[in-house]
Amino acid sequence: MEKNNKVPMKNYITLLILVVSAAAFYQIPYLRWTFYDGMLELSGLNNTQFGLTMSVYGTVSMILYLPGGIIADKISSKILVPVSLFVTGAAGLLLMTGPGYMMQMVAYVLLAAAGTLTFWAALIKATRNLDGGDGSKMLGLLEGGRGLAQTAFSAVFLAVFGMCASAVGGVKIVLGGYAALNILFAVVSFFILEDDEKSDAASEPVRAADVFEIVKMPAVWLLALVVISSYCFHLGSTYMTPYFTNIIGATAVLSGALAVVRNYIAQMAGAPFGGAMAQKTGSSALTVACGFAAMVIGIAVVVFLPSDSSMMVPLVVFMILSAVSIYVIRGIYFAIIGECGIPLRLTGTAVGIVSVIGFTPDIFMNAICGSLLDKYEGVQGYRYIFIMMLVIAVIGLAASWILYFMSKRKKQEA
């Protein structure tokens with residue numbers, strides 16, 4: 001059945017605002033990964049206390065995914081997105097002052113609450129609204145655009161940081177800059193975003209019966225399995241960098257360049273490609289299944305090829321294939337919600353339920369990989385990580401393939 005996929009220009013403008021907002025939004029809580037020493041010195045905390053602030057952030061984030069999804073279905077994205085951006089900007093300004101330990105804990109709780117209670121599900125719902133509820137094209141562009149915007153923001157602020165006389169002074173400017181961007185985008189998004197009520201005439205208050213109805217749907221649990229498989233694979237792929245350096249013999253410069261390709265270039269290329277492919281095939285679930293199939297091929301080659309420098313080129317090629325496939329999947333997996341028959345007004349609740357399960361690898365995946373590297377020295381530890389990733393990709397492939405056949409049957413019945 002032919003669908004009219006033409007999207008008004010104003011929707012692309014709205015998407016652009018969502019892209020730059022999401023890119024700026026998630027920089028503040030994770031700024032330590034780029035400016036660890038400067039952030040630590042500014043905080044005045046020891047390493048344990050500094051680490052605990054991030055533990056609190058992660059714990060609160062996980063707890064609030066589900067209520068955040070329900071809230072996104074009760075309150076318009078036009079309100080939730082600007083409020084989230086403003087709170088994140090305010091928390092960034094607070095951290096810029098180098099407050100005491102407890103106030104920093106408060107700041108990270110605010111960042112977590114803004115991220116998963118009011119922003120994440122609202123962002124997905126607002127993006128899905130932009131192409132009439134399908135969402136595959138817009139969600140793919142959101143993920144790819146976010147990678148591009150994050151790269152641009154990072155390049156600018158790294159240059160600014162490099163011109164500062166001290167690490168603390170540089171971090172203050174970077175924090176202040178991201179805080180200002182969040183507050184600016186809060187104002188802009190309030191005027192640009194449309195009220196969900198206007199874009200979704202069927203919108204009604206979420207009832208407990210609606211939530212239970214979603215929980216009872218097998219497709220929701222299969223989608224959660226897709227997300228958790230994808231995210232486990234993504235976290236496991238971060239160990240490719242030390243693998244190339246410590247085992248294959250790549251230089252630190254080459255490994256760093258591969259990390260940039262894996263984390264940024266793959267995101268910018270893979271997510272829009274996934275969205276376009278989903279539009280072409282008419283199925284996000286089928287596109288996600290193809291992404292997992294490519295991941296299986298890519299990581300299987302890494303597992304079975306000899307781990308020496310003579311295999312550098314094929315290993316790099318298949319690592320990049322796996323990385324691009326990750327973002328093909330991540331860019332559009334929430335678009336499967338529409339194919340599962342979940343109404344647009346319940347998108348937030350569905351995203352919350354799937355996210356609280358799908359993002360749990362933050363709790364255990366790095367610990368498992370670290371223990372494998374400690375227990376099995378040299379190449380064996382990495383090989384076990386890659387075998388685990390292969391099994392995970394096969395599970396994701398099976399779940400997405402089942403989702404495809406379920407959505408195909410639903411279309412035939414319609």
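Some ground rules. Residues are numbered from 1 along each chain as its sequence is written, and side-chain values use heavy atoms, leaving out hydrogens and water. Because the model is predicted, local features need pLDDT of at least 70 and side-chain atom pairs count only at pLDDT 80 or more, while totals for chains, interfaces and linings use all residues.

Start with helix α16, residues 347-358. Helices here are DSSP runs (H or I, at least four residues), numbered from the N terminus. Expected span is 1.5 Å times one less than the number of residues. For the twelve residues of α16 that gives 16 Å, and the end C-alpha atoms are 16 Å apart, so the two agree.

Is α16 covered or open? Mostly covered: ten of its twelve residues are buried (under 20% relative accessible area, 1.4 Å probe, protein chains only). Among them are Thr347, Val351 and Gly358. The cover includes α3, α5 and α10.

Now α3, which holds serine 61. Serine 61 counts as buried because its relative accessibility is 7%. A polar atom of its side chain lies 2.7 Å from the backbone oxygen of tyrosine 57. Serine 61 also touches Ala112 and Thr116, not counting residues up to four places away in sequence; touching means heavy atoms within 4.5 Å.

Last, α1 and α6. Their axes, lines fitted to C-alpha atoms over the stretch in contact, come within 8 Å and cross at roughly 50°. That makes α1 oblique to α6. Contact residues include Tyr12 and Leu15 of α1, and Leu141 and Phe153 of α6.

How values were computed: Helix = DSSP H or I, 4+ residues; strand = E, 2+ residues; numbered from the N terminus. Buried < 20%, exposed > 50% of the residue type's maximum accessible area, 1.4 Å probe, protein only. Polar contact = N/O pair within 3.5 Å; in protein donor to acceptor, adjacent residues only side chain to side chain. Axes fitted to C-alpha atoms, helices over the stretch in contact; angles between N-to-C directions. Parallel < 35°, antiparallel > 145°, perpendicular 65-115°, else oblique.
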